[in-house]
Amino acid sequence: MQVPAHFEYERATSLEHAVALLTRYGPEARVVAGGHSLIPMMKLRLAQPEVLVDLNDLTELAGIRIEGDELRIGALTRHAELLGSAVAGEHYPILHDAERVIADPVVRNRGTVGGSVCQADPSEDLSGVFTALRATAVIQGADGPRRVPMRQFFTGPYETAVGPAEVLVELRVPLRPGGGSAYVKVDRRAGDWAVAAAAAALWLRPGPGGTPVVADAGSGSPPSAPGTSRPPRPRSTCAAAPPTRSRSPRRARSPRSTAGPSPTSAGRSTTSATSPAS
Amino acid sequence: MAVTVNGVEHVREVEPRLLLVHLLRDELGLTGTHWGCDTSNCGACTVWMDGVPVKSCTVLAAMAHGREVRTVEGLETPFGLDQVQVSFMACHGLQCGFCTPGMLMTARWLLDRNPDPSEAEVREAIAGQTCRCTGYENIVRAVRHAAAAEREQAS
């Protein structure tokens with residue numbers, strides 16, 4: 001029987017209350033939302049927080065909406081809601097690409113977008129996606145909200161920029177015209193963690209003579225190890241160039257690989273951890 | 001904590017670390033919900049919380065405070081078994097029966113949202129439920145059988 005070690009349980013009634021609880025209990029307190037990463041780790045004693053602060057009543061942290069030129073995804077948004085969001089899929093198909101391969105439908109009913117990102121598991125799916133999309137994390141602390149670009153959000157496996165007395169509020173994805181995006185994951189079983197994964201996004205703009213040229217490109221992979229959670233910057237290699245097959249995110253689907261997935265998975269998809277433009 | 005299970009409110013004092021599956025089985029005696037892999041993989045412990053299927057081995061009992069839980073015992077009505085239960089019997093959608101409570105809860109949820117699911121849609125819906133007896137063939141058949149029966153009843 002797998003049961004977590006003893007801990008205290010508090011249910012936050014507001015964002016401010018959650019931050020106050022985290023401040024009061026100190027670094028041995030953890031927030032819990034879906035709990036589908038944290039509770040299994042607590043059962044295995046890989047995590048042993050003294051206090052859990054339950055965020056599930058904070059409905060203001062859930063939901064997907066467009067505000068200004070940003071797609072805003074609340075941290076408490078369940079995976080199933082992001083997968084079912086037409087507006088998210090319309091702007092960035094990569095969000096549905098990734099959500100479709102996260103665990104299974106029942107787990108996706110409970111697990112949250114913010115929880116996945118904050119867990120920063122080395123095999124996690126959404127970290128690379130939001131990095132590729134150049135998203136910004138909004139983090140709430142006692143002094144108010146602050147914004148951290150996803151490139152600086154992951155400091156290593158299971159480590160993020162969110163402080164002990166802070167809560168991830170939402171992820172903001174800039175909406176820009178001419179964008180395309182995709183996510184490819186190599187896994188061995190349905191709903192499994194990734195053996196390897198790559199996320200890519202590309203934005204085009206009209207160039208000389210009307211030929212589209214690459215305005216910007218982003219790539220991302222899971223936060224695997226210190227120093228490797230930041231993918232190479234494809235922008236410098238393909239910006240202002242016309243999009244060709246060798247410069248497109250689809251390149252990530254080509255069989256060239258440095259990640260070396262097993263032969264059994266090569267038939268499904270093969271990804272490279274390197275820049276899609278390299 | 002206070003939780004409503006199958007329409008009945010229960011008040012209990014629980015340890016924060018108690019899991020919902022153990023509250024249901026050990027405290028409330030609702031052993032229809034099965035306790036399987038303990039890692040949110042197998043889906044045998046699937047129940048509804050506030051109308052949505054969740055794996056109760058990965059939900060704290062305290063998280064269910066103030067919420068409505070529906071277990072496999074809550075499928076049957078005074079008028080008889082739910083159609084998914086009838087169809088699982090008719091189509092032999094089980095052998096040992098261990099995965100069945102979770103399968104039934106997910107199947108009921110699927111049919112409430114999609115009254116005519118394709119085979120692929122049924123297989124996707126139960127992707128988080130593991131069955132080691134049937135090879136899933138009869139389970140998929142049972143869910144679609146239930147769907148067809150309910151569509152017929154509705155027409």
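User: How many bridges join strand S12 of chain A to S13(A), and do they run parallel or antiparallel?

Analyst: This is a predicted model, in which local features need pLDDT of at least 70, side-chain atom pairs count only at pLDDT 80 or more, and totals for chains, interfaces and linings use all residues. Residues are numbered from 1 along each chain as its sequence is written, chains are lettered from A and ligands numbered from 1 in the order in which they are written, and side-chain values use heavy atoms, with hydrogens and water left out. Strands (E, at least two residues) and helices (H or I, at least four) are DSSP runs numbered from the N terminus, and two strands pair if DSSP finds at least two bridges between them. Here S12(A), residues 196-206, is joined to S13(A) by eight bridges, and the two run antiparallel. Within this pair, Ala199(A) stands opposite Gly220(A) of S13(A).

User: Which helix packs on the sheet and touches S11 and S12 of chain A?

Analyst: Axes are lines fitted to C-alpha atoms, for helices over the stretch in contact (heavy atoms within 4.5 Å); angles run from 0 to 180 degrees between N-to-C directions. The helix is H5(A), residues 93-100, whose direction makes about 15° with that of S11(A).

User: In what order do the five strands of the sheet in chain B lie?

Analyst: The order is S2-S1-S5-S3-S4 in an open sheet with mixed pairing. S2(B), residues 8-11, and S4(B) stand at the edges with a single partner strand each, so one side of each lacks a neighbour in the sheet. Neighbouring strands are turned by 35° against each other on average, direction ignored. H3(B) lies across S3, S4 and S5 of chain B, at about 45° to S3(B).

User: How much area do chain B and chain A bury between them?

Analyst: The size of an interface is often given as the accessible area lost when the parts come together. Buried area is that loss with a 1.4 Å probe, summed over both parts. Chain B and chain A bury about 2400 Å², 61% of it on carbon and sulfur atoms. Arg17(B), Thr58(B) and Met63(B) supply 27% of the area that chain B buries against chain A, more than any other three residues.

User: What is the count of salt bridges between the chains?

Analyst: A salt bridge is a side-chain nitrogen of Lys or Arg within 4 Å of a carboxyl oxygen of Asp or Glu. The count is four between chain B and chain A; one of them joins Asp104(A) and Lys55(B) at 2.7 Å, N to O.

Note on methods: Buried area is the accessible area (1.4 Å probe) that two parts lose on being put together, summed over both.
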